[in-house]
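Student: I am new to this model. Could we go through its labels and ask what stands behind each?

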Amino acid sequence: MAIDTFPVLSALLQWSPALVAGFGQNILISVVAIAIGSALGLLIGALALSPVGVVARVWVQVFRNAPWLVLIYFTTYVFPFEIHIGSSYVSFPDWVKVTIGLALPASANVAEIFRGAIGSIPSTQWEAARSLAFNRGQLFRSIILPQCFKRMLPPWMNLYAVVTMGTALASLVGVHDVIDTAQIASNTVNMTGFTVVIYLSLLVLFFAYCYPISRLTQHLERRYAFY
């Protein structure tokens, strides 16, 4: 199949600003999702280590093993389209619902990352801190948590890259992201060659954003020699 290069490249150039704007929506979803997931995951991870952590451990098992697409559909249709606050209505946009759907599995994975980081601290450090009469709060703030955050950073960054790629599912529930923009462009231009090129461009966009994160993750792993 021959592709007429000039019209394809011309159409791609015309649609490039819209694609970049759509990809900005994907990045926004990924950043907010990992922020919510990290805050919630640290709390759940801490609860899972406590004697009453059954609920937290159930949370981790459920959302680590749930399909992300199912979670996105779940949050999209469970949450209302708008919220009634006093005498006014506030819209609840679909991208926020998708963000929550991605934040749920992110929180479960962050909780596991946190648990693994805590478990990787040598027992001698716990014993040394107790011998110096550190209370539990001082032990965690001064000795355990600083080391945990260093150990958590590489897998956390890898998780963020995975969440970013997961935002490609957002278009399935009506979010106007880069995938939805590409579909509109493909239908508008209506050229097979353009369809191939524009989806190839999406691969390049996601790769260009996620690959540096992957490389930085590998660098941090080597630097801190966690594994």
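Student: Where does Asn-190 lie?

Tutor: Asn-190 sits in the loop between H7 and helix H8 (192–224). Helices here are DSSP runs (H or I, at least four residues), numbered from the N terminus. A word on the source: this is a predicted model, where local features need pLDDT of at least 70, side-chain atom pairs count only at pLDDT 80 or more, and totals for chains, interfaces and linings use all residues. Residues are numbered from 1 along each chain as its sequence is written, and side-chain values use heavy atoms, with hydrogens and water left out.

Student: Why is Asn-190 called exposed?

Tutor: Its relative accessibility is 64%. Exposed means over 50% relative accessible area, buried under 20%, and partly exposed in between (1.4 Å probe, protein chains only). So Asn-190 counts as exposed.

Student: What is the phi of Asn-190?

Tutor: It is positive, about 55°, although Asn-190 is not a glycine. Most residues other than glycine have a negative phi.

Student: What makes Ala-170 buried?

Tutor: Its relative accessibility is 0%, so Ala-170 counts as buried. Ala-170 lies in the loop between helix H6 (136–166) and H7.

Student: Which residues does Ala-170 touch, not counting those up to four places away in sequence?

Tutor: Ile-29, Val-98, Val-175 and Asp-177. Contact means heavy atoms within 4.5 Å.

Student: How do you know that Ser-38 is buried?

Tutor: Its relative accessible area is 13%, so Ser-38 is buried. Ser-38 lies in helix H1. Leaving aside neighbours within four places in sequence, Ser-38 is in contact with Val-110 and Trp-156.

Student: At what angle do H1 and H7 pack?

Tutor: Helix H1 (residues 5–48) and helix H7 (residues 178–189) pack at about 155°, with their axes 7 Å apart. Axes are lines fitted to C-alpha atoms, for helices over the stretch in contact, and angles run from 0 to 180 degrees between N-to-C directions. That makes H1 roughly antiparallel to H7. The cut-offs are under 35 degrees for roughly parallel, over 145 for roughly antiparallel, 65 to 115 for roughly perpendicular, and oblique for the rest.

Student: Which residues make the contact?

Tutor: Among them are Trp-15 and Phe-23 of H1 and Ile-184 and Val-189 of H7.

Student: What does UniProt list for "transmembrane region"?

Tutor: The unreviewed entry lists residues 27–49, 159–179 and 191–213. Such annotations may be inferred rather than shown by experiment. In the model, residues 27–49 are 96% helix and 0% strand.

Definitions and conventions: Helices (H or I, at least four residues) and strands (E, at least two) are DSSP runs, numbered from the N terminus.
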